[in-house]
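Subject: A structure for you to look at

Hi,

Here is the structure I promised to pass on. Have it open while you read, and follow along in the viewer.

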Amino acid sequence: MSLILTAAPAAASGGMLSMLFPLILMFVIFYFLIIRPENKKKKKTDEMRSSLSVGDEITTIGGMIGKIVQVTEDTITFETGEDRVRIQTKKWAISTTAKMEAAEAEARNKKKK
């Protein structure tokens with residue numbers, strides 16, 4: 001009878017480990033499929049925003065397109081079209097640059113070939 005009692009805790013701890021393994025596996029999959037790519041994308045966008053310079057063609061989050069005429073620490077001023085309207089906005093509102101869009105298009109073309 002004492003043999004049965006000593007074997008029961010070992011089986012219970014094995015059961016606990018077998019219950020934790022799927023949870024750990026799900027977290028690892030979640031990390032590599034969702035969290036890691038999102039962090040890479042955020043880092044790339046932050047680098048793009050910090051490297052903005054006068055003359056760059058940009059697109060804002062709202063869809064406005066223009067050419068940068070002034071850059072400060074946290075704001076930029078850009079001109080839209082031939083009417084030369086100047087708009088000032090925060091750097092976080094910049095979605096893409098023409099260079100970034102061209103590089104992404106080239107990468108997509110390489111994948112297709």
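This is a predicted model: local features need pLDDT of at least 70, side-chain atom pairs count only at pLDDT 80 or more; totals for chains, interfaces and linings use all residues.

Residues are numbered from 1 along each chain as its sequence is written, and side-chain values use heavy atoms, with hydrogens and water left out.

**The sheet**

Five strands make an open sheet in the order 4-3-2-1-5, with antiparallel pairing. Strands (E, at least two residues) and helices (H or I, at least four) are DSSP runs numbered from the N terminus, and two strands pair if DSSP finds at least two bridges between them. From one strand to the next, the twist averages 45 degrees. For angles, axes are lines fitted to C-alpha atoms (for helices, over the stretch in contact), and the values run from 0 to 180 degrees between N-to-C directions.

Now walk through the pairs. Strand 1 (residues 57-60) is joined to strand 5 by three bridges, and Thr60 has Ile94 as its bridge partner there. Three bridges also link strand 1 to strand 2 (residues 65-71), with Thr59 opposite Ile65. These two strands form a hairpin with four residues between them, and Gly63 in the turn has a positive phi of about 100 degrees. Strand 2 then pairs with strand 3 over four bridges, and three residues connect them in another hairpin.

**Inside and outside**

Which residues make up the largest nonpolar core? There are eight: Met48, Leu52, Ile58, Ile68, Ile76, Phe78, Ile94 and Met100. Such a core is a set of buried Ala, Val, Leu, Ile, Met, Phe, Trp, Tyr and Cys residues joined through side-chain atoms within 4.5 Å. Buried means under 20% relative accessible area, exposed over 50%, and partly exposed in between (1.4 Å probe, protein chains only).

Click on Ile58: not counting residues up to four places away in sequence, it touches Leu52, Ile68, Ile76, Phe78 and Ile94, among others. Contact here means heavy atoms within 4.5 Å. Helix 2 (residues 98-112) lies across strand 1 and strand 5, at about 60 degrees to strand 5.

Is Thr77 buried or exposed? Thr77 sits in strand 3 (residues 75-80) and counts as buried because its relative accessibility is 12%. Its bridge partner is Gln70, and its contacts beyond four places in sequence include Arg86, Ile87 and Gln88.

Compare Ile61, in the loop between strand 1 and strand 2: its relative accessible area is 55%, so Ile61 is exposed. Beyond four places in sequence, Ile61 is in contact with Trp92, Ala93 and Ser95. Ile61 and Thr96 are 35 residues apart in sequence but 8.3 Å apart in space, C-alpha to C-alpha.

**One aromatic pair**

Rings of Phe, Tyr and Trp (its six-membered ring) pair if their centres lie within 6.5 Å; planes under 30 degrees apart count as stacked, over 60 as edge-to-face and the rest as tilted. By that rule there is one aromatic pair: Tyr31 and Phe32, edge-to-face, at 5.2 Å centre to centre and 85 degrees between the planes. Tyr31 is partly exposed at 32%, and Phe32 is partly exposed at 46%.
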